[in-house]
Amino acid sequence: MRDKRKEPLRLEGKTVVLEEIAPKYFPYVVEWRNNPELNKYLNQPFVLTEEKERDWYENVYLNDDTQGLMILIDRETGTPFGTSGWTHMDLAKKQCVQGRLLVGNHDFRESIPFLESGFVLSDYLYTMVDVVYGHVVNGNRKVFSLNRRAGFMEHKTNIQYLEECHVNGMELTEIFRTKDMYEDAREKMSRFFPEIFAKEVPTM
């Protein structure tokens, strides 16, 4: 198991960097997750404090290799602006649940760094899994639309994570995306955003 404290994960894109959660990011996460404008679709029926975040980090997160929480950072300015991650990583079944998506800084909600962050994370996850699942609160139309553009489809039968579809009084729909579905969506998106998908040309 990787030592998350000593070897935190770092994923780099052209416009965004994803850094694994660490104590220096606790104030951002606490502020974002307690914002009533942002947390109405979150599975968090309590007020988060830095103490609670630290307790979870020390006693749960660092000891669990099935989950990851990444901080989204604008590469140009170094500004942390959101979170993303995964849970239920199962290397035997080659599947996981992608989630924890939250854009805490309003300036980045429609930004290229935010768009690219999803692909940077997915590129990483699909080195380990063949299918990624997700769960979207019914009525959250923006997230449904975002996920459809990213290649996800609704999972109507043989639900994999039934417990994730009924959380704190909220009803959620399970979605899924295979590696092939992802690659197809990535190719389509690259036509509209060549600045983040174009491969680097080596210099002589």
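This is a predicted model: local features need pLDDT of at least 70, side-chain atom pairs count only at pLDDT 80 or more; totals for chains, interfaces and linings use all residues.

**Labels and their cut-offs**

Q: Why is phenylalanine 46 called partly exposed?
A: Its relative accessible area is 42%. Residues are numbered from 1 along each chain as its sequence is written, and side-chain values use heavy atoms, with hydrogens and water left out.

Q: Where does phenylalanine 46 sit, and what makes a residue its contact?
A: Phenylalanine 46 belongs to the loop between α1 (26-34) and α2 (50-59). Those element names come from DSSP runs numbered from the N terminus: helices are H or I of at least four residues, strands are E of at least two. Contact means heavy atoms within 4.5 Å; beyond neighbours within four places in sequence, Asn34 and Lys52 qualify for phenylalanine 46.

Q: How do you know whether proline 8 is buried, partly exposed or exposed?
A: Its relative accessibility is 45%, so proline 8 counts as partly exposed. Proline 8 lies in the segment before β1 (10-12). Setting aside neighbours within four places in sequence, its contacts are Arg2, Asp3 and Glu20. The C-alpha atoms of proline 8 and glutamate 20 are separated by 5.6 Å, although the two are twelve residues apart along the chain.

Q: Why does valine 131 count as buried?
A: Its relative accessibility is 12%, which puts valine 131 in the buried class. This residue belongs to strand β6 (residues 131-137). With lysine 94, 37 residues away along the chain, the C-alpha separation is 6.8 Å.

Q: What makes the phi of lysine 94 worth a note?
A: Most residues other than glycine have a negative phi. Lysine 94 is not a glycine, yet its phi is positive, about 55 degrees. Lysine 94 is in the loop between β4 (80-90) and β5, and at 39% relative accessibility counts as partly exposed. Arginine 100 also has a positive phi, near 60 degrees, in a residue other than glycine. Arginine 100 is in strand β5 and, at 28%, is partly exposed.

Q: How do you know what holds between the sulfurs of cysteine 165 and cysteine 96?
A: A disulfide is a pair of cysteine sulfur atoms within 2.5 Å. The sulfur of cysteine 165 is 16 Å from its closest cysteine sulfur, in cysteine 96, so the pair is too far apart for a bond. The structure holds zero disulfides. Both residues count as buried, cysteine 96 at 0% and cysteine 165 at 6%.

Q: What makes serine 111 buried, and which backbone atom does its side chain reach?
A: The relative accessible area of serine 111 is 14%, hence the buried label. Its place is the loop between β5 (95-103) and α3 (112-125). The side chain of serine 111 reaches the backbone nitrogen of phenylalanine 114 at 3.1 Å.

Q: How many nonpolar, polar and charged residues line the second largest pocket?
A: There are six nonpolar, two polar and three charged residues in the lining. Ala, Val, Leu, Ile, Met, Phe, Trp, Tyr, Cys and Pro count as nonpolar, Asp, Glu, Lys and Arg as charged, and the others, Gly among them, as polar. The lining is made of Met1, Arg2, Lys4, Asp65, Thr66, Gln67, Trp86, Met89, Leu91, Tyr124 and Met128. A pocket here is an open set of points on a 1 Å grid over the protein atoms alone, where a 1.4 Å probe fits, with protein on both sides within 12 Å along at least five of seven lines; lining residues have an atom within 4 Å of a point. The second largest pocket has about 190 Å³ of space.

Technical notes: Buried means under 20% relative accessible area, exposed over 50%, partly exposed in between (1.4 Å probe, protein chains only). A polar contact is a pair of N or O atoms within 3.5 Å; within protein, one must be able to donate a hydrogen and the other to accept it, and residues adjacent in sequence count only if both atoms are side-chain atoms. Grid points are joined across faces, edges and corners, and a volume is the space filled by probe spheres set on the points.
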